[in-house]
Amino acid sequence: MQMPAPDARVMAKKDHVLRRLMAVLPEDAVIHDPTATRAYECDALTAYRCPPLAAVLPASTAEVAAVLKICHEERVPVVPRGSGTSLAGGALPTADSVILGVARLNEVLEVDYPNRFIRVQAGRTNLSVTGAVEGDGWFYAPDPSSQLACAIAGNIGMNSGGAHCLKYGVTTNNLLGVTLVLMDGTVVEIGGAHLDAVGYDWLGVICGSEGQLGVVTEATLRILPKPEGARPVLMGFDCSERAGACVADIIRAGVLPVAIEFMDRPCIAATEAFAGAGYPDCEALLIVEVEGSPAEIDDQLALIKRIAMAHDPVELRESGSAEESARIWLGRKSAFGAMGQLGDYMCLDGTIPVSALPDVLRRIGELSAEAGLRVANVFHAGDGNMHPLILFDANAPGDLERCEALGAEILKLCVDAGGCLTGEHGVGVEKRDLMGVQYRPEDLDAQMRVKDVFDPGWLLNPAKVFPLEVSAGRRAG
Amino acid sequence: MMRPETEAELAGIVAGAERPLQIEGGGTRGMTVPGDGDRLSVAGLSGVVLYEPGALTLVVRAGTPLAEVGAVLAAEGQRLAFEPMDHRRLLGRDGVPTIGGVAAANVSGPRRVQAGACRDAMLGVRFVDGRGRVIRNGGRVMKNVTGYDLVKLMAGSRGTLGVLTELAVKVLPVPEAAAVLVMEGLTSEAAVAAMSAALGSPFEVSAAAHLPEAGETWLRLEGFAASVAYRAGRLGALLDRFGPARVVEAPDEVAAMMRRLRDVEDFADRPGDVWRISVRPSDGPRAAAAVAAEAAIFDWGGGLVWVLVPEGHDIRPALSGIAGHAVRVRGAGPLASPEPAPLAALAARLRAEFDPRGLFNPGAMG
C-alpha cells in the first residue's frame, strides 16, 4: 500500500501553519509534539502508520471552520477523524496532513420525542446517543461493533451498519440532517428534523463519502421507540448450503428478523474455546433474533423453527430467558476477541447476494487452503454482509503480504458473485487499490466529479477511496 | 419523440444531442417546462433484469411500468416498501407511471414513516450522463459502502444529472394482514399529538395521517394477523385519552383508504394548486394555517402536509419562519423552496459536472 509523498512545500512551512492554527484554537487543541502526534499515526487498521504534521481538536463548528479555512489557504491536506476506529484506514494521515479530530464535539444539543429525533455534536459516540434516550424508551438504530467508542462523525463518513440493519437500515437511512463545513470553511446546514430534500439528496452523498466532501460537526438523527422485547433462536446445520437456504426461506416467508447472524466451523470452534457459549459442534450456525411482544415473538419463532426444520438442523435452541439469550449471543459477540487469541487477523467485509452464500463460502475455503492461511467466517447473513477473518502472523516475514493477497482474492470473489468490496467498513486505504475491480474508470470518474464540486483542490482526505493513479491528476491540481 | 430501445442507443442519442432534452418515463407528471427541448422517452427500456425474492432484490430497467413491477412482485408475495403515489388522478393526466420516473422524483407514500423513502430502497443505478457515458453506481446488495453513493444523488434529481436506465431496489414481503385505527373529531394539533404518541410506541405504525375535512385520523398497522390484532388493541388503549378508536380490518376497505391518502384523491377533482410541505411533524398544523390552505391533509404523522390553495398562489413566503420545504405538485409548472446559497452553488457546479452541455431537463430543479 502506497501513500503519496509528503508535499515538501507544506513540510517547509510547518511552523507557520502551526502558528496560524494556534491563533484560532486554544493552546491544548493543537498537538504537534512528535511524541504526541504518534497517538494519531493510525486508526484501527494498525498495519499502516504515519504521524501527521499536527492534530487539532476543535470544540465548535466555528473552530472547525477556522481550521479548514487556514488549511485551505495554506493548501495543507486535512484528514478528518472520529474516534479512530476505522478498520479501513479512513483516518490514516500523511506526514504533510493535519488530523482534524472531532472528539471534543460531544454534546447532545436537542432531544425531541414527539418529532422522533436527536441532534448531537458529531464527535459523540454511537452508544452514548442511545444512552441519552434509552431511559425514556428510545434508541438510535445503527449499531456497529465498535459502538462503545466510534463517533457519529465517523459513522456518517463510512455509512456504518451493524447487526440490526436488516430491519432498521444503516446510517444513511437514519440520518436526517447535518451541519457540514466545506474545505474552504463555509458552513452549510443540510436537512433537519423534516424528511427528504427539496433539491439534490446531499445527505445521501455525504453519508459514506469518507470525509472527502466536508467535515460533519452536528447531526440530526432519527430515534426509534424500543421494541417490547427481543428473543433469539440458535440453529446448527451440517453444511453451509443448508444454512444459506434456510436464511433465504426465512426472508421469503415474510418474517423480518432484526438480525440473522452466521458463523462457520472455524469461527464456532474458536469462540467455543474462548467463551464457552455451548454452541453445537457443526458446520454452520445461525442466530436469528425477532422482536415484539412475548406472543408476537412466539408466533414468529414458531414460523422460523418450522422453516428451519425443513433444512435438517442438527440443533435448534430457542431462548427461554434473558440468561439464555445472552448465552446465545455470547459466542457471536466474542467472535472477534476469540479470533484475536489465535493470532493476528485481517477482517474483510465484502457483501454478496444471499443466494451466492454457499458458493462463496466454498470458494473462500479453497482460496484459504491454497494460500495456507486460515479463514473464519462470521457475518450478517440476512443482508449478505460477510466478515471473513484471515488469520496470519504479523511477525512472520511475508505473512501480511500473503494475507493481503488472499483478502484481495476474496473481495474479487464477492464482486464476481454480484456483491461489493465493502458493506460497512468503507474503502479507506485498505480497499482503495481494488476499486477498479468493482468500478470501471468512468464510474470512478463520476464519483470523483462529486469531490471536484465539494473540494476542488482535493485537500480533504485526498489519498483515500480512489486508487492513487486514478486520482493523481486531480490531487496534483 | 425519441424512444430508444436500448441503453446503448440512448447513450448515442445523448452523446449526439445538440438541443436540450426533456426526459420522461411514462409522462404522467411532466417534470419539465413544456416546450423546452426534444422529448426523450425512456419507456422503451423496459423489463425485469433480475429478481431474487429470497434476497429481497429486484433489478429492473427504468422504463418498466410501475404496474408491471407491482405484478411481478405480487406474484411472489412481495412489493415496493415505499408505497409510491400514482399522480394521475390528482394531476388529471394519463400515461403509464414507470419505476424510473418514481426514482427520479424520489416518490414515497404513507409508509415513508416506517419503511423509508424511495431513495432508501434504491440499491444501485445505471444512468447515462451528459457526455453520453453509461455510469454504474451501487449494486444489488443491501449493504454497500464502496465509493460514493451516487444512487441517492440520482434519486430525486429529476433527470438533471443523468438519464436513469436501470435500477436495483430492495423489496419487502406483503404482510399477512393490515388494519387501520380510525379516530374521529380531533383538531389538527390533537391529531398530530396522537400520531406522535402512536409513532413513538413500539407498535410499528406503518402510516399515520389526519384528514381534517373527513374529521378522521388514521393509523395503519401491518404484519401477521394475530400481531396486528394485538397491536390494534394496545394502540387503542394507549390513545384512549384522545378519544375512542374504531378498527377497519376489511382488506378492500383498508386498501381504498390508503390509496385515497397516497394519491391525494380528496384534492383530485377540485380547482386550485396543490403543494406538498415537508416540516417536522409538530409544525404541520402551523404550516397549514400559515399558508391559509383551503384544505389540508396531514401524512407522515404531520410531517407531510398536502395543501390546496387558490391557483397561482405562492405559499413559500408564508412558510419562511418554519424549517422545512415546499414543492408545488399541481399548478403552472414546478416550483420549490430555494436551497440555501452554498447548496445552490454546489448544485449548479454538480449539474455542470454531470451535464456540461446543459442538455437534461432545463427548468427542473430550479
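This is a predicted model: local features need pLDDT of at least 70, side-chain atom pairs count only at pLDDT 80 or more; totals for chains, interfaces and linings use all residues.
Biologist: What makes the meeting of the side chains of R474(A) and D445(A) a salt bridge?
Modeller: The rule asks for a side-chain nitrogen of Lys or Arg within 4 Å of a carboxyl oxygen of Asp or Glu. In R474(A) and D445(A) the N to O distance is 3.2 Å, so the pair passes. R474(A) belongs to helix α18 (residues 468-476) of chain A and D445(A) to helix α17 of chain A, so the bridge ties together parts 29 residues apart in sequence. Helices (H or I, at least four residues) and strands (E, at least two) are DSSP runs, numbered from the N terminus.

Biologist: Are R474(A) and D445(A) buried or exposed?
Modeller: Both R474(A) and D445(A) are buried. That term stands for under 20% relative accessible area, with exposed over 50% and partly exposed in between (1.4 Å probe, protein chains only).

Biologist: Which residues are linked with D445(A) and R474(A) in a network of salt bridges?
Modeller: The network holds D445(A), R449(A), D452(A), R474(A), D129(B), R133(B) and E353(B). Over all chains, the search finds 71 salt bridges.

Biologist: Why is the pair of R280(B) and E110(A) said to join two chains?
Modeller: The side chains of R280(B) and E110(A) form a salt bridge at 3.5 Å, N to O. R280(B) sits in the loop between β14 (273-279) and α11 (284-290) of chain B and E110(A) in strand β5 of chain A, so the bridge runs between chains. R280(B) counts as partly exposed at 22% relative accessibility, and E110(A) counts as partly exposed at 25%.

Biologist: How many salt bridges are counted between chain A and chain B?
Modeller: The count is 13. Among the pairs between the chains is D383(A) with K143(B), at 3.9 Å, N to O, so it still falls within the limit.

Biologist: How much area do chain A and chain B bury between them?
Modeller: About 6,800 Å², with 57% of it on carbon and sulfur atoms. Buried area is the accessible area (1.4 Å probe) that two parts lose on being put together, summed over both. Chain A brings 94 residues to the contact and chain B brings 79, where contact means heavy atoms within 4.5 Å.

Biologist: How many residues of domain 1 of chain A and of domain 4 of chain A take part in their contact?
Modeller: Chain A has an automatic or database domain assignment, in which domain 1 is 8-103 and domain 4 is 343-434. Eight residues come from domain 1 of chain A and nine from domain 4 of chain A. These two domains bury about 590 Å² between them, 67% of it on carbon and sulfur atoms. Y48(A), L87(A) and A88(A) lose the most area on the side of domain 1, together 68% of what that side buries.

Biologist: Is S108(B) buried or exposed?
Modeller: S108(B) has a relative accessible area of 8%, which is under the limit, so it is called buried. S108(B) is in the loop between α4 and α5 of chain B. A polar atom of its side chain lies 2.9 Å from the backbone nitrogen of C118(B).

Biologist: What sets E204(B) apart from N106(B) in relative accessible area?
Modeller: N106(B) has 16% and is therefore buried, while E204(B) has 32% and is therefore partly exposed. Phi of N106(B) is positive, about 50°, although the residue is not a glycine. E204(B), also not a glycine, has a positive phi near 55°.

Conventions
Residues are numbered from 1 along each chain as its sequence is written. Chains are lettered from A and ligands numbered from 1 in the order in which they are written. Side-chain values use heavy atoms; hydrogens and water are left out. A polar contact is a pair of N or O atoms within 3.5 Å; within protein, one must be able to donate a hydrogen and the other to accept it, and residues adjacent in sequence count only if both atoms are side-chain atoms.
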